[in-house]
Amino acid sequence: MASILVVGGGIAGLAAAHRLQQLGHRATVLEREPVAGGRMRSERIGEFIVDRGAQFIASGYRNLRRVAGEVGLGPAIRPLARTHNAMLRSGRLEAGNYDSPLAFLRSRLLSTRAKLRLPRILLELLRHRAILDPLHPERAAVIDREDVPSFVRRLAGDENLEYLLGPALSSTFDSDPEDLSAAFLLLALRFVMGGFGLECFEGGIGRLGETLASRLDVRTSCDVVSVETGAWGARVRHREGGGDREAVADAAIVAVPGPLAPAICPRLTDAEREFLEAVHYVRGIVVFLLLDRAPQTLPYYGVAFPRPEGIDLYGLAVDHHKPGVCPPGAGLLNAALTARAAARLWDSSDDAIAGHVLDELARTPVGRLEPHGTAVHRWDPMLPQFRAGYLPRLAAFLARRERSPRLAFAGDYLVGPYTECALTSGLRAAGEVVASLAR
Ligand SMILES: Cc1cc2nc3c(=O)[nH]c(=O)nc-3n(C[C@H](O)[C@H](O)[C@H](O)COP(=O)(O)OP(=O)(O)OC[C@H]3O[C@@H](n4cnc5c(N)ncnc54)[C@H](O)[C@@H]3O)c2cc1C
């Protein structure tokens, strides 16, 4: 039995420790925050349960469902009461109906001309399907040369970019389409086509992290300042309870967002440091609105705001469609600001940010809302951006021959910007670090 220190108690680090424990090793998770879970956490505000980071899971999250099942949370996975989305177009909310090709053709979201150009994107999907594996994005490195706007405009025109694919990506990944690659779009479409029923954990998405943490050795409020590894093992220095401490083990996994890793790992190889420093995460702001009554204007789960409509939001999630997150009849919404609005308002007061979100929504058919409470979350880092040219660098990093000894990495930046990918990276890191013990 080996001892392994896992730095970072987000879903990647917790999954890594869970897998190590299953393999018969002793894993200790060191987490900086007072609670584990990272960007997949829930918090209670009065009678409301707010999923402060990740909002939903999808039926295609196979690894996450397997791990949830292993810790007895399978029955807690529930479908959302509403799963259809809408987009704002010319000041109206148009439902996006993707249930069948016929339903889509009949929807009023896009002009017939734009709809007829979409199969060209589907053809690209078919052409590259052999290398489009959402849990192995690096296999698509050879086609990662173009950003989303240039790819979509070239094949399907401006309307499909601005009123369909751009807003769908922006409202899901909190990024402008310029900051995502065409290869990433194809990987996301491939994933959606593999099964994308929207689901959640009854009682909050944070239940998965809480349950995993309750079965593991997790030390919270433990700020790691350095991780050094060698053929002899791993030494981790951290601040805990106001004092400097040190822990020694056989190996370590660093499960923090990529760009944070070099600062705590002084002995990385040059190639590891160069890759990690160049990983890019967007920062962003999400505002939760707690309402006495659910607004009648929102029979959708999500609403996306295309850029030409001039609203400072990427999207609005109608969280009260998740079972058990608020009292019957009450409303819970969360709105994500655009990157530009988030940059402008970053240092404003929470009240000013929430006020701006309410003013923006009042300019749409959602109308003027009067929440009895609001919660503003500033995320930095928020989500990794898979920009054009990232996948070849990721592929080179994953295949590197020269590796820091007894050290593995985990985090969403290694697979994709959602919980299934973060968790998968943790499961893989557990296998890698065990293999490194034999070298
Ligand atoms: C607003 C938002 C909405 C999202 N929506 C969805 C969604 O609907 N569905 C979905 O599947 N995904 C969603 N995601 C993405 C998903 O939440 C993340 O991809 C995933 O949770 C990342 O997990 P991680 O373990 O890689 O990183 P993190 O959760 O960031 O975990 C890293 C941990 O390391 C800790 N840490 C950092 N530095 C140190 C240090 N020096 N010492 C000790 N600990 C340290 C941090 O405190 C953190 O807990 C969303 C994310 C955000 C922010």
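A: The largest cavity is lined by Pro-134, Pro-137, Phe-173, Phe-184, Leu-187, Ala-188, Phe-386, Val-415, Gly-416, Pro-417 and Tyr-418. The term cavity is defined on a 1 Å grid over the protein atoms alone: it is a set of points where a 1.4 Å probe fits but cannot get out, and lining residues have an atom within 4 Å of a point. The model is predicted; local features need pLDDT of at least 70, side-chain atom pairs count only at pLDDT 80 or more, and totals for chains, interfaces and linings use all residues. Residues are numbered from 1 along each chain as its sequence is written, and side-chain values use heavy atoms, with hydrogens and water left out.

The volume of this largest cavity is about 80 Å³. A volume here is the space filled by probe spheres set on the grid points, which are joined across faces, edges and corners. By class, its lining has 10 nonpolar residues, 1 polar and no charged. Nonpolar means Ala, Val, Leu, Ile, Met, Phe, Trp, Tyr, Cys and Pro; charged means Asp, Glu, Lys and Arg; the others, Gly among them, are polar. Helix α7 (residues 182–193) supplies the largest share of the lining, 3 residues. Helices (H or I, at least four residues) and strands (E, at least two) are DSSP runs, numbered from the N terminus. The largest cavity lies between domain 1 (3–40 + 61–78 + 204–265 + 404–436) and domain 2 (112–192), because both give residues to its lining. The domain bounds come from an automatic or database domain assignment.

The count is 2 cavities of 30 Å³ or more. The second largest cavity holds about 30 Å³ of space. Its lining consists of Asp-174, Val-282, Arg-283, Gly-284, Ile-285, Tyr-314, Leu-337, Ala-339 and Met-382. Strand β15 (residues 281–291) gives the most, with 4 residues. This lining divides into 6 nonpolar, 1 polar and 2 charged residues. Asp-174 also stands out in its backbone: phi is positive, about 50 degrees, although the residue is not a glycine. Asp-174 sits in the loop between α6 and α7.

Now the open space. A pocket is an open set of grid points with protein on both sides within 12 Å along at least five of seven lines. The second largest pocket has a volume of about 270 Å³. It is lined by 18 residues; Asp-176, Arg-307, Ile-311, Tyr-314 and Thr-338 lie nearest its centre. Two or more lining residues come from each of α6 (148–173), β17 (313–318) and α11 (339–345). Helix α6 has the largest share, 5 residues. The lining has 9 nonpolar, 4 polar and 5 charged residues. Domain 2 (112–192) and domain 3 (281–384) each give at least three residues to this pocket. Tyr-314 lines the second largest cavity as well.

Last, the ligand. It is surrounded by 34 residues, and the closest are Glu-31, Arg-39, Phe-56, Asp-412 and Thr-419.

- Ile-11 places a polar backbone atom 3.2 Å from a ligand oxygen atom.
- Glu-31 has a polar side-chain atom 2.7 Å from a ligand oxygen atom.
- Asp-223 has a polar side-chain atom 3.4 Å from a ligand nitrogen atom.

Taken alone, the ligand exposes 1,000 Å², and the protein buries 94% of that (Shrake-Rupley method, 1.4 Å probe; for residues, only the protein chains shown count as cover). The shell around the ligand divides into 19 nonpolar, 9 polar and 6 charged residues. Domain 1 and domain 3 both give residues to this shell, so the ligand lies between them.

Conventions:
Near = heavy atom within 4 Å. Polar contact = N/O pair within 3.5 Å; in protein donor to acceptor, adjacent residues only side chain to side chain.
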